[in-house]
Amino acid sequence: MLKNNLYSRWLGALVACLAFVSFSASAQESSINAFSPFSMYGIGEIKSQGTLPQRSMGGAGVALRSLSTINLLNPASYSAALPRSVLFNFGLEGQNFYNSQMQADGTMKKTSYCTFNFHDIALQIPLTKRLGLGLSLAPYSSVGYRMYDRETIADVGLAEYDYSGEGDVTEVKVGLGWEPFKNLSIGAAAIYYWGDIDRNYRMTLIPYTGTGTYPSTIGLSNYSISHFAAQFGVQYTPIMNKKRVLSLGLVYDLGGDLNPMVTNTITVNGTLNSEAVNRVDNLPLVLPHKLSAGAFYETQKFAVAVDAVYERWGSSNTTAETASGDFRVAYCDTGIIKAGVEWTPNRNDVRNFLKRWHYRLGFNYGYYHQTFGGERVPQYALTLGFGIPVKFGGFSSVDVGFEYGCRGKDQHITEQVSMLKQQYFKFAIAFSLFGEDYWFVRPKYD
């Protein structure tokens with residue numbers, strides 16, 4: 001009987017892996033998953049990590065240890081899976097970006113864009129007592145931007161420049177969590193990053209007169225990414241009784257050299273198309289070493305989570321990307337503080353459905369991992385969410401989350417260049433399914 005149960009669990013894990021691969025293949029073919037000029041360099045904008053309950057609490061949750069919620073931030077939490085139970089999570093997210101920038105003439109330029117895509121799919125199952133397996137698929141970063149500029153060239157005409165880019169980097173994680181001693185768990189996860197990013201450039205000359213031929217210059221850069229990394233975590237629970245639980249967590253991400261293969265092609269369009277450059281290079285781009293520490297305190301009604309995260313982007317990436325003139329884009333070490341609360345009035349109330357809901361609130365504050373013209377980019381976010389139980393006495397829920405964030409500020413970096421201020425609003429919905437009915441156990445009687 002034990003062999004059959006173990007076989008079923010491993011078979012379920014294999015089926016889940018195949019589902020992740022097929023789903024991720026379709027996700028890679030999706031359109032723009034972000035719309036931000038900040039994503040113009042490197043691998044783009046780093047996505048918020050964790051399942052929706054965690055993101056609704058400001059993104060905190062390194063120390064979260066739950067029987068009914070998957071914790072994607074710390075593989076040590078996988079050991080909390082109950083025997084003969086399955087946790088499954090699937091989330092979708094829509095975003096609205098609102099960008100504003102002060103022009104050299106004092107006017108304000110504004111743009112807005114909406115996106116919608118999946119955020120994460122995750123599975124957690126127990127293998128044996130105190131040993132759990134977790135699998136997840138989530139976007140790690142996204143690139144999406146459209147930019148336009150023009151300048152006058154003396155005695156020639158008007159030069160128009162178009163810049164665009166789109167693409168994603170996806171993260172697949174497989175981890176194990178083990179509790180060798182009571183109240184102490186350790187975990188490790190193997191992570192695979194892959195994706196494609198396309199960046200396009202086009203320059204067109206419009207002559208003052210109708211005579212003469214002025215070819216357009218078209219540039220295309222394709223980033224092809226394939227990289228393995230590792231993550232290690234630990235959780236310790238010094239207080240655990242019927243009234244309260246206190247957990248501490250620590251996670252270290254190994255990072256590593258992405259070493260993306262970059263194919264650069266430049267084409268000049270005249271009477272006949274002619275390819276001027278076609279070169280394949282390896283870009284020295286390194287994922288940061290990342291250290292996350294957190295605490296999670298929970299009672300029957302309240303839960304509080306606090307995390308501190310440090311990322312070594314600048315120390316790892318010795319090179320910087322340079323834009324035109326003296327305007328320079330470089331990587332920098334960065335940190336972020338995350339905190340959130342959850343309130344459940346009475347999870348056992350049989351009369352008032354709203355009292356069984358989970359109400360979440362959180363925030364985070366830190367700096368972007370790149371500097372522009374030597375200026376650091378502050379960023380913050382406010383989050384709000386609800387967890388709606390599917391049935392009385394069960395742990396399955398439908399989660400809804402909202403997030404408002406701001407990055408950058410209205411400030412001139414040079415006389416001609418000002419920092420972009422970006423505001424965004426996110427709406428997300430997720431389905432957290434818990435096998436409280438022991439879905440994969442064969443009944444004794446038909």
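Let's start with contacts. Take the contacts in the protein chain with a separation of 6 or more: residues 24 or more positions apart account for 66% of them.

One caution before going on. This is a predicted model. The protein chain averages a pLDDT of 83, and 80% of the residues score at least 70. Over residues 1-31, though, the pLDDT is below 50. That stretch still has 34 contacts in the model beyond near neighbours in sequence. Where pLDDT is low, the predicted coordinates should not be read in detail.

Now the overall picture. The protein chain has three helices and 22 strands. There are 446 residues, and buried ones make up 48% of them. The chain exposes about 22,200 Å². Carbon and sulfur atoms supply 60% of that area.

Phe-296 is in strand β13, residues 290-299. Is Phe-296 buried or exposed? Its relative accessibility is 7%, so Phe-296 counts as buried. What does Phe-296 touch, leaving out residues up to four places away in sequence? The list includes Met-57, Ala-63 and Leu-64. It also includes Val-245, Leu-246 and Ser-247. Ala-303, Val-304 and Ala-305 complete it. Val-306 is 10 residues from Phe-296 along the chain, and the two C-alpha atoms are separated by 6.7 Å.

On to charges. Side chains of opposite charge can pair when their charged atoms come close. How many salt bridges does the model have? The count is eight. I'll walk through some of them.

Glu-45 and Arg-407 first. Their side chains meet in a salt bridge, 2.9 Å from N to O. Glu-45 lies in strand β1, residues 45-46, and Arg-407 in strand β21, residues 397-407, so the pair ties together parts that are 362 residues apart in sequence. Glu-45 has a relative accessible area of 5%, so it is buried. Arg-407 is at 8% relative accessibility, so it counts as buried too.

Then Asp-399 and Arg-360. This salt bridge is 3.1 Å, N to O. Asp-399 lies in strand β21 and Arg-360 in strand β18, so this pair ties together parts that are 39 residues apart in sequence. Asp-399 is buried, and so is Arg-360.

Now Arg-146 and Glu-166. The closest N and O atoms in this salt bridge are 3.4 Å apart. Arg-146 is in strand β4, residues 131-153, and Glu-166 is in strand β5, residues 157-181. They are 20 residues apart.

Arg-55, Glu-93 and Asp-120 are linked in it by salt bridges.

A disulfide is a covalent bond between the sulfur atoms of two cysteines. How many disulfides are there in the model? The count is zero. Two cysteines to point out on the screen. Cys-332 is buried, with a relative accessible area of 11%. Cys-406 counts as buried, at 7% relative accessibility.

A nonpolar surface patch covers about 730 Å². Which residues make the patch? Phe-363, Tyr-365, Tyr-367, Tyr-380, Leu-382, Tyr-404, Phe-425 and Phe-427. The elements that give two or more residues to the patch are β18 (358-367), β20 (378-389) and β22 (421-434). Which strand gives the largest share? That is β18, with three residues. Tyr-367 is found in β18. Its relative accessibility is 31%, so Tyr-367 counts as partly exposed.

Last, the backbone. Most residues other than glycine have a negative phi, and most peptide bonds are trans. Two residues to look at here. Arg-130 has a phi near 70°, a positive value in a residue other than glycine. Arg-130 lies in the loop between β3 (108-128) and β4. Its relative accessible area is 36%, so Arg-130 is partly exposed. Asn-259 is not a glycine either, yet it has a positive phi of about 45°. Asn-259 sits in the loop between β9 (256-257) and β10 (261-269). With a relative accessible area of 38%, Asn-259 is partly exposed.

That's the tour.

Definitions and conventions. Residues are numbered from 1 along each chain as its sequence is written. Side-chain values use heavy atoms; hydrogens and water are left out. Patches are made of residues with over 30% relative accessible area and no salt bridge: like charges are joined within 9 Å, nonpolar side chains (Val, Leu, Ile, Met, Phe, Trp, Tyr) within 5 Å. Accessible areas come from the Shrake-Rupley method with a 1.4 Å probe; for residues, only the protein chains shown count as cover. A salt bridge is a side-chain nitrogen of Lys or Arg within 4 Å of a carboxyl oxygen of Asp or Glu. Helices (H or I, at least four residues) and strands (E, at least two) are DSSP runs, numbered from the N terminus. Buried means under 20% relative accessible area, exposed over 50%, partly exposed in between (1.4 Å probe, protein chains only). Contact means heavy atoms within 4.5 Å. pLDDT is the predictor's confidence in each residue, from 0 to 100. A disulfide is a pair of cysteine sulfur atoms within 2.5 Å.
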